[in-house]
Amino acid sequence: MSSWFPKWKAYSGQIDHRPVATNEYLPPVQSAVLGIQHAFAMFGATVLAPLLMGFDPNLAILMSGICTILFFLMTGGRVPSYLGSSFAFIGVVAAATGHVTGSGANANLSVALGGIVACGVVYAAIGFLVMLTGTRWIEKLMPPVVTGAVVMIIGLNLAPVTVKAVAGHPFDMWMALITVLCMGTIAVFTRGLLQRLLLLIGLLMSYLIYAIVTNGLGLGKAIDFGQIATAAWFGLPSFSAPTFQTNAMLIIAPVALILVAENLGHIKAVGAMTGENLTPHLGKAFVADGIATSLSGSVGAPGMTTYGENIGVMAVTRVYSTIVFVIAGVFAMFLGLSPKFGAVISTIPTAVLTGASIVVFGLITIAGAKIWIENKVNFGNNKNLIVAAVTIILGAGNFELTFGSFNLGGIGTATFAAILLNLFFSLKDKS
């Protein structure tokens, strides 16, 4: 009988030559810096999601760290993933609470939390079912043509929102492109650890350039450093308790289906990148993510999901060591307990974050294409061609289906369209 945790071993290869496997670890300093980079990668989205729903962003960061470590423990340290605030909850939380997206604190926060806790329970139940019955039925529902398309649309769906943040502002658009250039330069012209830290180093480079151009030369909107001085070094975020209201739970709980599809796509993407078969761990991953979502909702934070941004970091660094995610989780916990650091991060200009997002979401999209290539998906077969084509356009175009008060969202609609079209067209194979 195999042990719950793998037997970790020191990475013995040349850092430029082969990836770092999930059961390997790098020297402490390198691991720490890579962990911090993962924390930075999740930060923008993990802060943005609670702000849009009227939640406390510092609490969301704290819980993302705790839930990431919980995920590591529950999956036996075999699945490299970071858990952060899920955007899948934004629409349903707004519908259940009447909260206008991005309009400050949510007056009906407790009602939303009850729905999030219920969603986590449903999600975990699906995970236990997978653990009992195996993964074959999930693999039948989502073969490589489907999972590749789903992974691609996770990146493509977020692209318009990312670009829109700087659209109409020429200076910000140029600074976003400079950020892309900084990260690209690190990726292409450097080697070793520096190359693997392209997102973090590129972010710091572009931040410095932005500060020089705005604060120094007077072009564009200057960075306001005053808020950093007034923020406290340490402080607890505000906690809230859930209220279980049937209508809200019925609206929010079905998001579990979207989280299952999202998590499956993420794990397939990571499996394709690592060359390891992570499918046997799907059940444990679903259970862990479900319990993490319920735990997060029970104290006042958003539901959790595995993060595509961190998959993008792995794609470019080729470091898949799960130890790095424990470090990222611990670092995130300290961030969540430090209002001053939150103030520092809030000074990162929108243009710089947009440039970083362009790189990260692009890497996620290419990870989807990699699934097709490595599984030799035949696009000479019209079934595969139509499934992939329709899925990508529905996802990239954010085609949202609504059922009463439940908004499936662009990613959800495209995911279920891919699954159903693949099942329907597969009827021809049996005839």
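Is L219 buried, exposed or partly exposed? L219 has a relative accessibility of 46% and therefore counts as partly exposed, since partly exposed covers the range between under 20% for buried and over 50% for exposed. The structure is a predicted model, and the values discussed here are computed from it. L219 is placed in the loop that runs between helix α9 (198-216) and helix α10 (226-230). Together with L208, I212 and L217, L219 forms a nonpolar patch on the surface. The accessible area of these four residues together is about 410 Å².

The cysteines may be considered next. The structure contains zero disulfides. For C67, the closest cysteine sulfur is that of C119, at 13 Å. A disulfide requires two cysteine sulfur atoms within 2.5 Å, so the sulfur of C67 is too far from that of C119 for a bond. C67 counts as buried because its relative accessibility is 0%. C182 likewise counts as buried, with a relative accessibility of 6%.

A pair of aromatic rings is described by two quantities, the distance of the centres and the angle of the planes. The count of aromatic pairs comes to five. One of them joins Y123 and F286, whose ring centres are 6.0 Å apart and whose planes form an angle of 40 degrees, a tilted arrangement. Y123 belongs to helix α4 (residues 109-133) and F286 to helix α13 (residues 282-299), so this pair ties together parts that lie 163 residues apart in sequence. Y123 and F286 are both buried.

F424 and F425 also form a tilted aromatic pair, with 5.7 Å from centre to centre and 50 degrees between the planes. What is the accessibility of F424? F424 has a relative accessible area of 56% and is therefore exposed. F425, with a relative accessible area of 25%, is partly exposed.

K284 lies over the face of W4, at 4.5 Å from the centre of the ring. K340 is placed over the face of W233, where the distance from the ring centre is 5.1 Å.

Key:
Residues are numbered from 1 along each chain as its sequence is written. This is a predicted model: local features need pLDDT of at least 70, side-chain atom pairs count only at pLDDT 80 or more; totals for chains, interfaces and linings use all residues. Side-chain values use heavy atoms; hydrogens and water are left out. Patches are made of residues with over 30% relative accessible area and no salt bridge: like charges are joined within 9 Å, nonpolar side chains (Val, Leu, Ile, Met, Phe, Trp, Tyr) within 5 Å. Accessible areas come from the Shrake-Rupley method with a 1.4 Å probe; for residues, only the protein chains shown count as cover. A salt bridge is a side-chain nitrogen of Lys or Arg within 4 Å of a carboxyl oxygen of Asp or Glu. Helices (H or I, at least four residues) and strands (E, at least two) are DSSP runs, numbered from the N terminus. Buried means under 20% relative accessible area, exposed over 50%, partly exposed in between (1.4 Å probe, protein chains only). Rings of Phe, Tyr and Trp (its six-membered ring) pair if their centres lie within 6.5 Å; planes under 30 degrees apart count as stacked, over 60 as edge-to-face and the rest as tilted. A charge sits over a ring if NZ of Lys or CZ of Arg is within 6 Å of the ring centre and within 35 degrees of the ring normal.
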